[in-house]
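Me: I've got a two-chain model open and want to talk it through. Can we go over it piece by piece?

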Amino acid sequence: MAKPNDLVQGTLDLLVLKTISLEPKHGWAIAKRIQQISGEVLQVQQGSLYPALHRLEQKAWIKAKWAETETGRQAKFYSLTAAGRAQLEREAANWSRLSAAINIVVQTT
Amino acid sequence: MVWARRLRLRLQTLFRRNRIAQRLDVEIQFHLEQQIAENIATGMSREEARYAALRTFGNPTILKEESRDTWGWLRLEQMGQDLRYAFRTLRKSGGFTATAIFTLALGIGANPAIFQLLDAVRLRSLPVSTPQSLALVQIKGGNHGFGISNRETSLTYPLFEQLRAHQELFSGIFAWSGSDEVAVGQGSQQRRGRALWLYASEQSHG
């Protein structure tokens, strides 16, 4: 089970950007979603999402809006900006290249 | 307009820091409560659910700190903390603070006072129309053999008269000499003092 420290640096950013690319989500939902989709393999230490979210917000890749949840509570919802969408494409492409290269190295004997 | 948005965010994190910090507290509180509710739904007791939520979350205080660090202005914040700390410390030791402030005040006050004096005496030009054209006439190499004194600027009156009559360098020339004590005024208003005799040609500005 991978802890966040084991995640390649910058990978958390990619995961967050990807997770909110379809619809705005609050922090807890982002953590849950990453866990679910990765089949519980990626156990992001939930709290470490927040420094990442705030950093991405300062870079204007994501924007935040306070809104009501289904249960009627106020929560901070994050969504992608145009710049964030471009960044997601760049990082996703980088990741594909990197993981493909590592795969080749690992599988070649 | 990414840079405009970034600038706005930077200004917000500078001027509305406390408000944003409060909102971060609310945000993290909401997260923990969501997790606690989920844990309770899986059959944990309230207490268990709270501990489990904190375990999966990590240390909220440290994570809040890390989030704040991404807002920038870290140097400024630290400087503010240092200043506040300095003020607190100074307030606690009144005698030391008073002495330090007094010493500084004395030093700062003495500087302009001394400068003002020097400025008035040495730096400011003389109150005449073209101070740069004023010159002091003296006999090069001293005044030996002219019978007055060894001061280079000391001339006898006949010598001054010759200078005044024949010099062509200046528009005018004047000389001065000190007097013995003289009485000025009459009766009870009379004061004694030293006077300065001035000998000038009509054109001189002095």
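This is a predicted model: local features need pLDDT of at least 70, side-chain atom pairs count only at pLDDT 80 or more; totals for chains, interfaces and linings use all residues.

Me: How many helices and strands does chain A have, and in which order do they come along the sequence?

Reply: Chain A has four helices and three strands. Reading along its sequence, the order is α-β-α-α-β-β-α.

Me: And what is the count for chain B?

Reply: The pattern for chain B is α-α-α-α-α-α-α-β-β. Counted up, that is seven helices and two strands.

Me: What share of the residues is buried in chain A, and what share in chain B?

Reply: Buried here means under 20% relative accessible area. Of the 109 residues in chain A, 45% are buried. For chain B, with its 206 residues, the buried share is 20%.

Me: On to the inside. How many residues are in the largest nonpolar core, and which have the most contacts within it?

Reply: That core has 28 residues. The ones with the most contacts inside it are Val16(A), Leu17(A), Ile30(A), Leu49(A), Leu53(A) and Ile62(A).

Me: Which elements each supply at least two residues of this core?

Reply: From chain A, the list has helix H1 (11-19), helix H2 (27-37), helix H3 (49-58), strand E3 (74-80) and helix H4 (82-107).

Me: What does Leu17(A) touch, leaving out residues up to four places away in sequence?

Reply: Leu17(A) is one of the core residues with the most contacts. With those sequence neighbours left out, Leu17(A) touches Leu56(A), Trp61(A), Ile62(A), Leu80(A), Gly84(A), Gln87(A) and Leu88(A).

Me: What about Leu9(B): which residues does it touch beyond four places in sequence?

Reply: Leu9(B) lies in helix H1 (residues 2-15) of chain B, and at 7% relative accessibility it counts as buried. Its C-alpha is 8.4 Å from that of Trp71(B), 62 residues apart in sequence. The residues Leu9(B) touches are Glu57(A) and Gln58(A).

Me: How are H5(B) and H6(B) arranged: roughly parallel or roughly perpendicular?

Reply: The axes of helix H5 (residues 74-92) and helix H6 (residues 94-123) of chain B come within 5 Å and cross at roughly 105 degrees. Angles of 65 to 115 degrees count as roughly perpendicular. So H5(B) and H6(B) are roughly perpendicular to each other.

Me: Which residues make the contact?

Reply: By class, two are nonpolar, two polar and two charged. H5(B) brings Leu90(B), Arg91(B) and Lys92(B), while H6(B) brings Gly94(B), Phe96(B) and Thr97(B).

Me: What is phi of Ala60(A), and what is phi of Trp73(B)?

Reply: Ala60(A) is in the loop between H3 and strand E2 (62-68) of chain A and is buried at 2% relative accessibility. Trp73(B) is in the loop between helix H4 (60-69) and H5 of chain B and is partly exposed at 27%. Each is a residue other than glycine with a positive phi. The values are near 65 degrees for Ala60(A) and near 60 degrees for Trp73(B).

Me: Last one: how far apart are the C-alpha atoms of Gly193(B) and Val182(B)?

Reply: Gly193(B) lies in strand E2 (residues 191-200) of chain B and is partly exposed at 24% relative accessibility. Beyond four places in sequence, Gly193(B) is in contact with Asp180(B), Glu181(B) and Val182(B). Gly193(B) and Val182(B) are eleven residues apart along the chain, and their C-alpha atoms are separated by 5.6 Å.

Technical notes:
Residues are numbered from 1 along each chain as its sequence is written. Chains are lettered from A and ligands numbered from 1 in the order in which they are written. Side-chain values use heavy atoms; hydrogens and water are left out. A nonpolar core is a set of buried Ala, Val, Leu, Ile, Met, Phe, Trp, Tyr and Cys residues joined through side-chain atoms within 4.5 Å. Buried means under 20% relative accessible area, exposed over 50%, partly exposed in between (1.4 Å probe, protein chains only). Contact means heavy atoms within 4.5 Å. Axes are lines fitted to C-alpha atoms, for helices over the stretch in contact, and angles run from 0 to 180 degrees between N-to-C directions. Angles under 35 degrees count as roughly parallel, over 145 as roughly antiparallel, 65 to 115 as roughly perpendicular and the rest as oblique. Ala, Val, Leu, Ile, Met, Phe, Trp, Tyr, Cys and Pro count as nonpolar, Asp, Glu, Lys and Arg as charged, and the others, Gly among them, as polar.
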